[in-house]
Protein chains: 4
Amino acid sequence: MRAVTFQAAGEVRVEERPDPELQAPSDVVVRIEATGVCGSDLHIYHGRVKIEPGFTIGHEYVGTVVAAGDAVERVSVGDRVLGCFHTACGACFFCRRGDYHRCVQSRTFGHGATLGSLQGTQADMALVPQADIVLRKVPEGMSSDTALFAGDVMGTGFHAVHASGLEPGDVVAVLGLGPVGLCAVQAARAVGASRVLAIDSVPERLAVAQALGGVPVHLTEDDPRAAAREATEGRGVDVCVDAVGHPDALDMAVRLTRPCGSVQCIGVYAERAEVHLGLLWLKAITLRGGQANVIGHVDRVLAMMAAGVLDPTPLVTHHMALEDAPEAYAIYDRREALKIVLSP
Amino acid sequence: MRAVTFQAAGEVRVEERPDPELQAPSDVVVRIEATGVCGSDLHIYHGRVKIEPGFTIGHEYVGTVVAAGDAVERVSVGDRVLGCFHTACGACFFCRRGDYHRCVQSRTFGHGATLGSLQGTQADMALVPQADIVLRKVPEGMSSDTALFAGDVMGTGFHAVHASGLEPGDVVAVLGLGPVGLCAVQAARAVGASRVLAIDSVPERLAVAQALGGVPVHLTEDDPRAAAREATEGRGVDVCVDAVGHPDALDMAVRLTRPCGSVQCIGVYAERAEVHLGLLWLKAITLRGGQANVIGHVDRVLAMMAAGVLDPTPLVTHHMALEDAPEAYAIYDRREALKIVLSP
Amino acid sequence: MRAVTFQAAGEVRVEERPDPELQAPSDVVVRIEATGVCGSDLHIYHGRVKIEPGFTIGHEYVGTVVAAGDAVERVSVGDRVLGCFHTACGACFFCRRGDYHRCVQSRTFGHGATLGSLQGTQADMALVPQADIVLRKVPEGMSSDTALFAGDVMGTGFHAVHASGLEPGDVVAVLGLGPVGLCAVQAARAVGASRVLAIDSVPERLAVAQALGGVPVHLTEDDPRAAAREATEGRGVDVCVDAVGHPDALDMAVRLTRPCGSVQCIGVYAERAEVHLGLLWLKAITLRGGQANVIGHVDRVLAMMAAGVLDPTPLVTHHMALEDAPEAYAIYDRREALKIVLSP
Amino acid sequence: MRAVTFQAAGEVRVEERPDPELQAPSDVVVRIEATGVCGSDLHIYHGRVKIEPGFTIGHEYVGTVVAAGDAVERVSVGDRVLGCFHTACGACFFCRRGDYHRCVQSRTFGHGATLGSLQGTQADMALVPQADIVLRKVPEGMSSDTALFAGDVMGTGFHAVHASGLEPGDVVAVLGLGPVGLCAVQAARAVGASRVLAIDSVPERLAVAQALGGVPVHLTEDDPRAAAREATEGRGVDVCVDAVGHPDALDMAVRLTRPCGSVQCIGVYAERAEVHLGLLWLKAITLRGGQANVIGHVDRVLAMMAAGVLDPTPLVTHHMALEDAPEAYAIYDRREALKIVLSP
């Protein structure tokens, strides 16, 4: 089969690989129908996340089950399925509490040896371990463009909102309008936020945010802090989603948020950084972060997408052939796309 | 001033009454701009809820503050305000926990001596005690048709949904599509329900429910239990709102709801009745009921109405003059109206 | 091996049975060290719960793993383990939400064909399916008298308290001081209840409740309603646990509980019954019931028992040999014992 | 009357002041029976918190109501009362949500102009505004040594535990065993923590922590991280209370805590500081901080103290006369006392 593999910083290649085979009773093999290129893939492409040259990348996928191990009960050969971007055991301390994103045996698709040596999904086929936990049937009539968001980008945007403790009627700010931030804008509206300030400096993204129900606020040409005050009688927003992952964004998030409010960092932090602890403490803000619990949310997200309450398709800017992955990565790298869907 | 007064079962009259005057430092006098006729008023009209002949009725209202006591801080003379249907002290055990609907000093407008001897709002003016707790300013640009729902019917529909523990993506059933049930349909959608089965036997109400985002299910011509199963892979709905208040409705609610689901009785129960305790127990259903905590929810409801996330105006079927209250009650009694708004 | 089998109403017998053998990869065989006689066993003994003559009964157990299937990861041959009274699949809709007590494939030990045809644990050995979900290692140094409560009686008492939403400082009433009620008394104190009214009519049980931290209140010689009022400035208790399972108990529970409080029915209801819905509604009480989620709680309960925060050993009134099961059931039937532990 | 006043860094004095008089209808005057010296007072004593020379200090108090404004309903002249360390309006956005610690009109006793110019309670008498919100009657038979903790130190220790989301059975670590840390140790046990690692470097404080139910862990002579791992099968503690308020403590808290656990900063932060955001994010830890909501918790704390579930009296190391305040501050400054109670 064909697979998109990492070669070196700035270079991916479509190569021949052996078809995947079942290795454990809980495994499934999926024939890929659509697979997305994601911001995380770009970290690999840029060489910031180190993986082995030749490793297959990609972790967003929709397809059809072509083989299933003996222990698999919830999907069958022939089922059209979508998957989550990582696996979970379903039995450890964290899984038993529903915190699948912290499963001690978690493996992430297409991220090399550091995240479990699980080959990616930008390929003709993919091996999916723990299939009963990782996969869901695609609801009748749902497009692959929609479905492949459930286990990754929309699951992450929804998590940002849901984990924040947002209550109906709250005023929300979302910092950073990449695909995850945009999904957070839509998710916040879908669960009853009365206003969602969507903050970025890219006009195209602000326009998409507005189409998804947000109030566009330009980071520098508008005044985000004034916008937050104006929307809340001066208090600050109830919830701020930091979808950037940079100390400056966190600093702004803390400033935009009202006392006893909540800041949810869905953008990735990996380093030490200076934080205005004094302001955080004075305002009694709750700060949460970390990777999204997409497995924990996937049933809800799918139900909301099936009902049209969540609809990520405005984010799909490009459809390309798997064969054209090198060009897709180049386009994505030039920030010309929000979401590229590859089809084998 | 003029006031709509109860006289006898089936008879209300517009009479002259002295203008209200401030009696306590927390009082406000409101000049009424719009006041609704509600299902609760009908209980009085029918003589089922006993009140003194000559008592002014009505408890939904929007208007302008014309006098305010010394201790009132949050509204001022000249403010356009809306109010909740009952008062609360803000300081008792229940108020301190946010359970304003169980305030030990609560008084309900227009319900006679049994509920605190507080004259009603279907009048040119009304005295509002505990104004800082009971009143809110009408958000800029909001119509009185919208605003007068915040402190009563929409507050109650929202309560039904919010108190039920509904989570985004849940499937909900609402039994009984009177104004409160219809508001519950809309509120459930607004906070992320993926599907809301709206169940009644009146075609017009089913049509309004559909317009508000519900899936209409005729009580007898369709099969509500089959609809619940179909929407949930056979499990039953996650949340059922009983907006009827009759043991048969409760029985159906218990049958429609999945194990570990939730039944919320917003319809009024006043008697002993036979309940299928065995089924309730076997399914481990959580059953909650009681009057809505509209004071606790009014800020959220107003924010959502201002944002257009909640919009009760499709329920307003009639506008009439205060003078025509006798006719309004007759129309409402014939079930020809969903919501009648009276204007002095 | 020897097994205690149901024969007919009022008759159990110790019979020879073939040793259990592994049937599925998730199975374990446990050599029993201690097994309890429980109130549920009495329902079988009385013939009220129908099971096949010759079926092995019992569902509380501590022992040692003597064989384990290939898929079992969390316990190993040689481990000293305790188990929950029922199995769960870990993967269905309910298990994924942590509601193991409503697992669609749940099987209960020792309850015959109606509850999954799973032979009981009052035997030399027992087959335990879904061992990773059902079993836990016994913490170092914990007696079997303590450990066998974790997966049944104490798990149920803890559930009654935890599911009720009890907050620290709350005043609680427990109706019915059988083993589960007594465990609920202790659990309520362990999580911060300021006072626990322990209500029954059997002086010995009232004395045990007092030793476990409760305030004994005789059902008829004292005045439970006055006691509830006295403890709460007249409001009623915050939480009432009905550990009886009879409409009269539920009626009292509703009367004892304050507005916006919570009634938790851990006693079993199987029939229709008249309920004072009006009072329940007027008081806005939350009513919950159903079998306990012991699998969901077992890690917490074990941790609290290991720390001595929960200690059910005062409930163990009798130690007997497995051989003497017929006599044990006769004693239990005469209500002369709270908990009888049988040892093979 | 006599009052303890701040003069300059390191100098307090007992001076004559006019008796306080009612200024608003919600005011009360309390004749002080006992008033504590607290760590916050030391910040003033050290000149780190700036207040006006001559300002009366102190904010922990028990006494008797000697005058009450017309609007006061919940306490009366002659009542023995205890108070919270700050006032709240009961009506603003934050108070309406129960977040009294963020009341927009909050004033703190004995902290000078920056915190509302409210004279302190280390005096013969004190003026208490918003008395219905700030004061509670002392439960029958409760000593002043116990009662004066409710509205300050124990309220803060309880807050640290309650706001953290601690669940029964959790393993907790408390960093810093000053009075607040010690109260947090006891509160954690009281609400069901299975183990509480109490970490400090002062042997006497470790001994008190052990007496209050904690497991003493010396900061440098023992290995706190090893202790946390040992208590949790290597995962880290479920909840860590930082009762220090220094970036090193926060760093240790993040390291001690398990993935998806919670860090509660009750120690004060006022500056920017470097934080290991990467570790916080990777572990998906929830970080909360801020001043305690003692008004929100005072009823619960009092109920638990009345029941003996919380008992702060082991922290009272000194009783002294109000007259001896200068010596009391000197002793406290030399860290020779945990809690000094002054009596006029």
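# Chains, domains and contacts: questions and answers

Visitor: How is chain A divided into domains?
Guide: This is a predicted model. Chain A has domain 1 (2–149 + 312–343) and domain 2 (155–289). Their C-alpha centres lie 28 Å apart.

Visitor: What makes domain 1 of chain A and domain 2 of chain A touch?
Guide: Contact asks for C-beta atoms within 7 Å. By that test, 6 residues from domain 1 of chain A and 7 residues from domain 2 of chain A take part. The domain 1 side of chain A splits into 4 nonpolar, 1 polar and 1 charged.

Visitor: Why are β1(A) and β2(A) called paired strands?
Guide: Pairing needs at least two bridges. Strand β1 (residues 2–8) of chain A and strand β2 (residues 11–16) of chain A have 6 bridges, in the antiparallel sense. The pair meets the definition. A:A3 stands opposite A:E15 in β2(A). The hairpin has 2 residues between the strands, and A:G10 takes a positive phi near 80°.

Visitor: What makes B:L250 in α9 (residues 247–256) of chain B count as buried?
Guide: A buried residue has 20 or more other C-beta atoms within 10 Å of its own. B:L250 is buried, and so are B:A249, B:M252, B:A253, B:V254 and B:L256.

Visitor: Which elements do the buried residues of α9(B) pack against?
Guide: The partners in chain B include β8 (171–175), α8 (224–230), β11 (237–242) and β12 (257–265). Also among them are β13 (273–275) and α10 (277–282).

Visitor: How many residues of chain C are in contact with chain B?
Guide: 30 residues of chain C meet 30 residues of chain B. On the chain C side, elements that each supply at least two residues include α2 (93–96), β12 (257–265) and β14 (286–289). By class, that side has 15 nonpolar, 7 polar and 8 charged residues.

Visitor: How do you know that β13(B) and β13(C) pair?
Guide: The threshold is at least two bridges. Here 3 bridges join β13(B) to β13(C). The strands therefore pair, and they run antiparallel. B:E274 stands opposite C:E274 in β13(C).

Visitor: Why is the relation of chain B to chain D called a two-fold axis?
Guide: Chain B can be laid on chain D by a turn of 180° and a shift of 0.0 Å along the axis, with an RMSD of 0.0 Å. That is the relation of a two-fold axis.

Visitor: How do you know that the copies B and D meet through the same surface?
Guide: The contact takes 6 residues from chain B and 6 residues from chain D. The chain B side has 1 nonpolar, 2 polar and 3 charged residues. Of the interface residues of chain B, 100% are also interface residues in chain D, so the copies meet through the same surface.

How values were computed
Residues are numbered from 1 along each chain as its sequence is written. Chains are lettered from A and ligands numbered from 1 in the order in which they are written. This is a predicted model: local features need pLDDT of at least 70, side-chain atom pairs count only at pLDDT 80 or more; totals for chains, interfaces and linings use all residues. Copies are superposed by least squares on the C-alpha atoms of residues with pLDDT of at least 70 in both. Two residues are in contact if their C-beta atoms, placed from the backbone, lie within 7 Å. Ala, Val, Leu, Ile, Met, Phe, Trp, Tyr, Cys and Pro count as nonpolar, Asp, Glu, Lys and Arg as charged, and the others, Gly among them, as polar. Domain bounds come from an automatic or database domain assignment. Helices (H or I, at least four residues) and strands (E, at least two) are DSSP runs, numbered from the N terminus. A residue is buried if 20 or more other C-beta atoms lie within 10 Å of its own, exposed if 12 or fewer, and partly exposed in between; C-beta atoms are placed from the backbone.
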